[in-house]
Amino acid sequence: MNYAKNILETIGNTPLVKINKLTETLPCLVLSKYETFNPGNSVKDRMALKMIKDAEADGRLKPGGTIIEGTSGNTGMGLALAAIVKGYKCIFVMADKQSKEKVDILKAVGAEVVVCPTAVEPDDPRSYYSVSKRLSTEIENSWYVNQYDNPSNAKAHYESTGPEIWQQTEGKVTHFVVGVGTGGTISGVGKYLKEQNPNVKVWGVDTYGSVFKKYHETGVFDENEIYPYVTEGIGEDILPENVDFSIIDGFTKVTDKDAAVYTQRLAKEEGMFLGNSAGAAIKGVLQLKEHFKPEDVVVVLFHDHGSRYVGKMFNDDWMREKGYIE
Ligand code: PMP
């Protein structure tokens, strides 16, 4: 018989799927690394399991412990699935701009969720960074995951996502394009691909309201770049240790409107029911058109599933309210 011994064994080995209509204007082949096939419906299952395994191995996470993390939902789902199989408790701290579905989904897999305001400075005691840190000092036998600075995050992608893309493209990948939040995905995959072929170009997709693009181009952390934005999962107002700027060739910024509109278009024109950062990522690929030649093989990574956005990007009333559609 051929079966997985538990749900965690089904993580990874996701398909690579060609984009057809949306990329018609590009000269090259565009393939999507389709991460919603993971059991938690996002790429984050990979790094969640890796972070837990590494913390178990060096004693940061002990039997019966409580896992604490600031998460926009996907990392939380990955951690929750692993925690169930391995016998840990989970407390997740989220910013209030995240969709209600994300909170409900985490509660559905047994986690406790604490919601914090979005529009405060990272070092404000009410921010989700600060609250996560405080809870981890107050709760006994707890472990603060800190996906932003935890090196196991990028390592998971260096060990699994990167090698899968290399093998699936038979080493023909020329460009990797991906939304950047903690930086784990771009840094781990980018490092692996560049080690196989230094000519592979690695592009990050950023949002307006985030510091990455300007910092990459100038080395300046410019606070004027920071303001609230709608796009979920990508962009930051901090520089996470997991963003390895040295392996990134460039960033392109996608507007909230374009990210939302392209999230709808992926569903309606490609049959790809995906999250908001997938819309940003595919629009990012289109914005990079001038960098692509006919023989290129561009891989874009799609992080998560559309079900988490039914009250937002897949709700036309919400889209009209924001002025994203007529
Ligand atoms: N898209 C979504 C939906 C996410 O949840 C995240 C993680 N914040 C990202 C993109 C960015 O991935 P990474 O953290 O690996 O940079």
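This is a short tour of the model, from the ligand to the sheet and then to one helix.

Before you start, note that the model is predicted: local features need pLDDT of at least 70, side-chain atom pairs count only at pLDDT 80 or more, and totals for chains, interfaces and linings use all residues. Residues are numbered from 1 along each chain as its sequence is written.

**Stop 1: the ligand.** Select the 17 residues around the ligand; G181, T182, T185, G233 and S277 come nearest. A residue is near if its C-beta atom, placed from the backbone, lies within 6 Å of the molecule. This shell divides into three nonpolar, twelve polar and two charged residues, with Gly counted as polar. Now colour helix α6 (residues 184-196), which gives the largest share of the shell, three residues. Helices (H or I, at least four residues) and strands (E, at least two) are DSSP runs, numbered from the N terminus.

**Stop 2: the sheet.** Next, show the six strands of the open, mixed sheet, in the order β1-β2-β10-β7-β8-β9. Strands pair if DSSP finds at least two bridges between them. β1 (16-18) and β9 (250-254) each have a single partner strand, so one side of each is left without a neighbour in the sheet. Zoom in on β7 (residues 175-179) and β8 (residues 201-207), parallel strands joined by five bridges. There, V177 has W203 in β8 as its bridge partner.

**Stop 3: helix α1.** Finally, select residues 44-57, the 14 residues of α1. Its buried residues (20 or more other C-beta atoms within 10 Å of their own, C-beta atoms being placed from the backbone) include M47, L49 and I52. After α1 comes G59, with a positive phi near 80 degrees.

Methods
The expected span of a helix is 1.5 Å times one less than its number of residues. A residue is buried if 20 or more other C-beta atoms lie within 10 Å of its own, exposed if 12 or fewer, and partly exposed in between; C-beta atoms are placed from the backbone.
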